[in-house]
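Below is a short briefing on one structure, for use beside the sequence and the 3D view.

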Protein chains: 2
Amino acid sequence: MDVKRFRVVKKEIRVLGIDDGVFVPQKKGKATIVGVVYRGGLWLDGVMSTQIEVDGLDATEKIASMILDSPHYPQLRVIMLNGLTFAGFNVVDIKKLYEKTDLPIIAISREKPDLNEIKKALENLPNKDKRWNAMKNAGEIFKVDMGKSGGKIYAQMAGIAQKDALKIIKVTSTRSYIPEALRVAHIIASGLTSLRESSKH
Amino acid sequence: MDVKRFRVVKKEIRVLGIDDGVFVPQKKGKATIVGVVYRGGLWLDGVMSTQIEVDGLDATEKIASMILDSPHYPQLRVIMLNGLTFAGFNVVDIKKLYEKTDLPIIAISREKPDLNEIKKALENLPNKDKRWNAMKNAGEIFKVDMGKSGGKIYAQMAGIAQKDALKIIKVTSTRSYIPEALRVAHIIASGLTSLRESSKH
């Protein structure tokens, strides 16, 4: 699989950060996915959203459509995900998301993903092989040291070289150990959705 | 009415910017109100939301409750509103909002409010006197010159001296002619609500 090359990473690079909102776990229903367009780690440029099934299989497709349908799409340079699983175990296949959007994908976690734990949890779900394949497709887990203070995060990527992904993570993490687009996507998604709302779907 | 004094306006002053989402005009229903907590004009710290009636009379009360119920409330120093009317002609009485929250209020418009136009529009609505009194309660309309490039906005205020309000507007308007909290509240409120959603309420 080829990768996008970044000759330089501008401080104002346009990135999309994606996180999920509040939902009732293990219960049939939908969860809101919020995408936040950020100029590097500096300022917010736009928001977008979609709905996916709790523990469903539609995260990759719905997130791809959200991105492709957005007026911001032509300007975006990279997609960042808060982990690989959304709305429970609705797994994003980052290789497929890269193919569908033609944009490099970086999935970031604060904790190192425990693949044995995840494999065990998937046993209780339908289509466990499909979910597990999407998890494996995310490839190697890289530890990223976030500076003097000892902070570290974990990253998986598709369509981008490791060294470019690291540059983008560092340039965009202006206020915390994670890229600003993901920090803000988390605040908006968890702050503006509620159990009351998710139960309406 | 007394005012809050600001000895200095810190670059990281905590402000709340409030705007409304998409709604069906002149039709019974609700609109989402989004509040965005910003550190000055620098970075986003939180979000909150509530629902008000289209052309209703509950904006002041619902926005006050949203603020008082928020975990961010004790840290907030000033409230900024995108105009005085939300969800159609649901007018915020900024004097009352100041009394209820004990926080200074600054209402900002890109265009000079045309009070004659507004008075005419109110004629078609129930409780027109109550709405008009809330409009009048907002007091003098100040023109604010936003620097060399000739941009200007208009401000009304309660609970704050004009010179302090101007300082806060200038410190927080880092990316455009309007305070960052209001620019971002507008993007979030209009980007994450839709007619489909507002029709559900």
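How many bridges join S7(A) to strand S9 of chain A, and do the two run parallel or antiparallel? Five bridges join S7(A) to S9 (residues 152-158), and the strands run antiparallel. This is a predicted model, in which local features need pLDDT of at least 70, side-chain atom pairs count only at pLDDT 80 or more, and totals for chains, interfaces and linings use all residues. Residues are numbered from 1 along each chain as its sequence is written, with chains lettered from A and ligands numbered from 1 in the order in which they are written.

**Strand S7 of chain A**
- Strands are DSSP E runs of at least two residues and helices are H or I runs of at least four, numbered from the N terminus.
- Four of the five residues of S7(A) (residues 105-109) are buried (20 or more other C-beta atoms within 10 Å of the residue's own, C-beta atoms being placed from the backbone).
- Ala107(A) has Gln156(A) in S9(A) as its bridge partner.
- S7(A) also pairs (at least two DSSP bridges) with S4 (residues 78-82) of chain A, in parallel and through four bridges; here Asn82(A) stands opposite Ile108(A).

**Helix H2 of chain A**
- Ile94(A), Leu97(A), Tyr98(A) and Thr101(A) are the buried residues of H2(A) (residues 94-101).
- These residues line one face of the helix, because they fall within an arc of 100° seen down its axis (taken from the directions from the axis to the C-beta atoms).
- Asp102(A), with a positive phi near 60°, follows H2(A).

**Chain B against chain A**
- Contact (C-beta atoms, placed from the backbone, within 7 Å) involves 13 residues of chain B and 13 residues of chain A.
- On the chain B side, S3(B) (43-53) gives the most, with six residues.

Terms used. Buried ≥ 20, exposed ≤ 12 C-beta atoms within 10 Å, placed from the backbone. Contact = placed C-beta atoms within 7 Å.
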